[in-house]
Amino acid sequence: MLSGMVVIPALAAEPPSKITVGYLNLVNAQLVTKNLGLLAKEMPGVEIGYVKIGGGGDMLRAITANQVDFGGLGNPPAAIGLVRDLPMKGIMVLNMLDYVEAMVVRTDKNIKSIKDLAGKKVAAPFGSTTHYLLLKALAEEGVNPGDLELLDLAPADIAIAWSRGDIDAAWFWEPNLDKAVKDGGNILITSGEMAKRGYPTWDVAVVMNEFAEKHPEYVEKFVRAECAGIDFWLKNPEKTAEIIAQELSLPIEDATRMMKGTEMVPCPTQLTEAYMGKSGSIGQFADTLESTAQFLVAEKRLPKAPTRDEFAAKLDVSYLEKIVGE
Amino acid sequence: MKADVPKPEPALRIAARRLLALRPPRTLLLSSLTVILLFCAWVVVTETGLANPLFLPNPEAVARAFMEVSTEGYQGSTLIEHLSASLYRILVAFGLACLIGIPLGVLMGTSETARALLSPMIEFYRPLPPLGIYTLLVMWLGIGEESKLALLFLAALPGLIIATIQAVRNIDPIYVRAAKALGASTRTIVLQVYLPAAGPTILAGMRISLGFTYTVLVAAEIVAASAGIGWMIWDAAKFLLSDVVIMGLIVLGLTGVALDMVMRLFGQILMPWTRKQ
């Protein structure tokens, strides 16, 4: 397909009658794409279903059950799914996680460092990016996870447990994170700080292999729409804040702050070494997947860790390259 | 076969006979056949590659998961520890539900007033989905054991109450009239007439209600548990460890069958008159 050319339906392969996009309940440009109907503009005549999914674990189940065509996954669930040979591949960066994810600690518990967490009740959604970072942070500081009471809670349940005073600390994400901070909490460490220490976390868009084989041009359309959403986010911060406030029913100032906690990567930049890289020389995302998988093996959550090359083979930047080249 | 018993036998021996009579070899054989066939189907489907190992791992993998979790444990607890955490929750909640549900059922079965007063509450919450109630329970009772026990308790309760009401109301009024004519007190009537006559139906209600308690176990252990078979299944599912999931389901199912057998055995011992002729 040439740049800017309109696809003549008769020449294109049979279009899908419906596509389903599973999007994570967090703050990123997918909300813009959804709100502005950018996907619908790319695919007239195709019914588009958006399904909001609470976390990586649920997204993996949705993908396993083949209930979405496109999904979004943080690096731990992405590593889990790819190791388990789920029929999917990563196609683009949705967002890099900065302080949109953070560990909140109860102010009156006097928790000043990771070491102070010993003996405390700490919650995280198991299997998610924050669970991964929590265990990494404990390991870095030499704290044995057995010394604290680790609880597996979904973000919405963390908010409930926090407001009741059942937990002392939690590493999770917006929009619920803010409720805890405002309710007697303060931030101990953010996911962005962990990224600087060498543990980046991010969300990657995935497509089901079967869909990609049948409708490659619709994968391109998806990427084009998401890139347009990211562009809009970067160029119109105020309007974006309005959209997020509307999508998540938040006050505008909260939306503005949460936005800054998520780093959007312009599509051309995604093709650099620090992110997805190029076809034939996949970037650092493959390294993160490899180290995440090794970590999960050590945690006995995964049976084996594939090599970097095996992960690289499951990141397909060809769609992104085509769109950026336009 | 042994219909006419010439002299009274010790209760235990009678119970043992009842148990034997309950499961004649033929039905046992047929049941075993079903189990064997299911197992063969499982082997065939996995060995021929018909099933994606992610969805249905082979028996070997499940057996390996069983050995591993039994010896090394799953996320800090061994299988026995997970199992005891779950059984503790189930038995405490179910025991409480029996202690409250059966007397409540007797009361509602015997008194029109009690029935009218209490039934709106029970009829209303009975069809509510457990997960819907659970969010509220977590808000009220927190993420600890209380909310888990409460959810299991609420799942067990209505079946018990309804079965007991039914059992009590179905008692032939002649029994009660005869007892009254002989000068029995209300206490005696409840203990000597109602309970023995209603026993078998109440026991059936208990068995169904225990099954119901099992169905909400995973839901109860999703929120902030770190041990329990339900939690293990849920957690393993997040990491797509389907061998652990299936192993957990089998263990859970077997304990359910075992508990049901224990209840039937108790029924045989406590209510020898329920023996079928």
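Student: How many residues of chain B are in contact with chain A, and how many of chain A with chain B?

Tutor: This is a predicted model, in which local features need pLDDT of at least 70 and side-chain atom pairs count only at pLDDT 80 or more, while totals for chains, interfaces and linings use all residues. Residues are numbered from 1 along each chain as its sequence is written, chains are lettered from A and ligands numbered from 1 in the order in which they are written, and side-chain values use heavy atoms, with hydrogens and water left out.

Contact means heavy atoms within 4.5 Å, and by this rule 25 residues of chain B touch 26 residues of chain A. The size of an interface is often given as the accessible area lost when the parts come together. Buried area is the accessible area (1.4 Å probe) that two parts lose on being put together, summed over both. Between chain B and chain A about 2200 Å² is buried, and carbon and sulfur atoms give 58% of this area. On the side of chain B, the residues that lose the most area to chain A are B:Lys238, B:Phe239 and B:Leu240, together 32% of what that side buries.

B:Lys238 also takes part in a salt bridge, its partner being A:Asp152, and the closest N and O atoms are 3.0 Å apart. A salt bridge is a side-chain nitrogen of Lys or Arg within 4 Å of a carboxyl oxygen of Asp or Glu, and the count between the two chains is three.

Polar contacts are found across the interface as well: eleven residue pairs, with both residues at pLDDT 80 or more. A polar contact is a pair of N or O atoms within 3.5 Å; within protein, one must be able to donate a hydrogen and the other to accept it, and residues adjacent in sequence count only if both atoms are side-chain atoms.

Two helices of chain B, α6 (130–141) and α11 (229–238), each supply at least two residues of the side that touches chain A. Helices (H or I, at least four residues) are DSSP runs, numbered from the N terminus. By class, that side of chain B has 18 nonpolar, four polar and three charged residues. Here Ala, Val, Leu, Ile, Met, Phe, Trp, Tyr, Cys and Pro count as nonpolar, Asp, Glu, Lys and Arg as charged, and the others, Gly among them, as polar.
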